[in-house]
Amino acid sequence: MTKALLLGAFALAVGTFAFRFAGPVLRNRVKVSPRAVRLMEIASVVLLTALVVTTLVPSNHSPVGIALPAGVLVAAVLAWRRAPILVVLLAAAVTTAGLRYFGLS
């Protein structure tokens with residue numbers, strides 16, 4: 001079991017490295033049309049929106065409370081204002097954790 005997990009982790013690491021390495025290597029060889037670039041930009045926004053929506057939907061019929069939507073709202077506003085991603089993530093986490101700490105889960 002341990003050998004299979006290590007082998008799987010190694011395969012994922014090699015695959016991830018290969019994808020990251022392929023970008024700079026193939027940048028000048030592969031031409032992407034402006035339409036395809038625009039569609040990929042739109043797709044990334046749609047995927048991030050879907051992630052936000054699925055995060056906000058409660059699972060197991062449990063109430064969400066105010067902390068999670070407030071954290072997502074803070075992240076959305078900061079992302080809209082084009083804040084760095086680290087600032088967006090930290091602000092959302094601190095907002096959610098702070099509200100939960102004060103009992104507003």
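Predicted model: local features only at pLDDT ≥ 70, side-chain atom pairs only at ≥ 80, totals over all residues.
I started with burial: 8% of the 105 residues of the protein count as buried (under 20% relative accessible area with a 1.4 Å probe, protein chains only; exposed is over 50%, partly exposed in between).

Residues are numbered from 1 along each chain as its sequence is written, and side-chain values use heavy atoms, with hydrogens and water left out.

**Overall layout**

I looked up the secondary structure next and got four helices and zero strands (DSSP runs numbered from the N terminus: H or I of at least four residues for helices, E of at least two for strands). Reading from the N terminus, the order is α-α-α-α. The radius of gyration is 19 Å, well over the 13 Å that the globule rule gives for 105 residues, so the protein is more spread out than a compact globule. (That radius is taken over C-alpha atoms, and the rule is 2.2 Å times the number of residues to the power 0.38.) The C-alpha trace spans about 55 × 45 × 25 Å along its principal axes.

I also checked contacts (heavy atoms within 4.5 Å): among those between residues at least 6 apart in sequence, 46% join residues at least 24 apart.

**H2 against H3**

I took helix H2 (residues 34–56) and H3; their axes come within 10 Å and cross at roughly 165°. (Axes are lines fitted to C-alpha atoms over the stretch in contact, and angles run from 0 to 180 degrees between N-to-C directions.) H2 and H3 are therefore roughly antiparallel, a label for angles over 145 degrees. On the H2 side I listed Val52, Thr55 and Leu56, and on the H3 side Leu68, Pro69 and Val72. I sorted these contact residues into five nonpolar, one polar and no charged (nonpolar: Ala, Val, Leu, Ile, Met, Phe, Trp, Tyr, Cys and Pro; charged: Asp, Glu, Lys and Arg; polar: the others, Gly among them).

**H3 against H4**

Helix H3 (residues 67–80) and helix H4 (residues 85–101) have axes that come within 8 Å and cross at roughly 155°. H3 and H4 are therefore roughly antiparallel to each other as well. From H3, I noted Ala67, Leu68, Ala70, Gly71, Val74, Ala75, Leu78 and Ala79; they meet Val87, Val88, Ala91, Ala92, Thr95, Thr96, Leu99 and Arg100 in H4. That contact divides into 12 nonpolar, three polar and one charged residue.

How values were computed:
Parallel < 35°, antiparallel > 145°, perpendicular 65-115°, else oblique.
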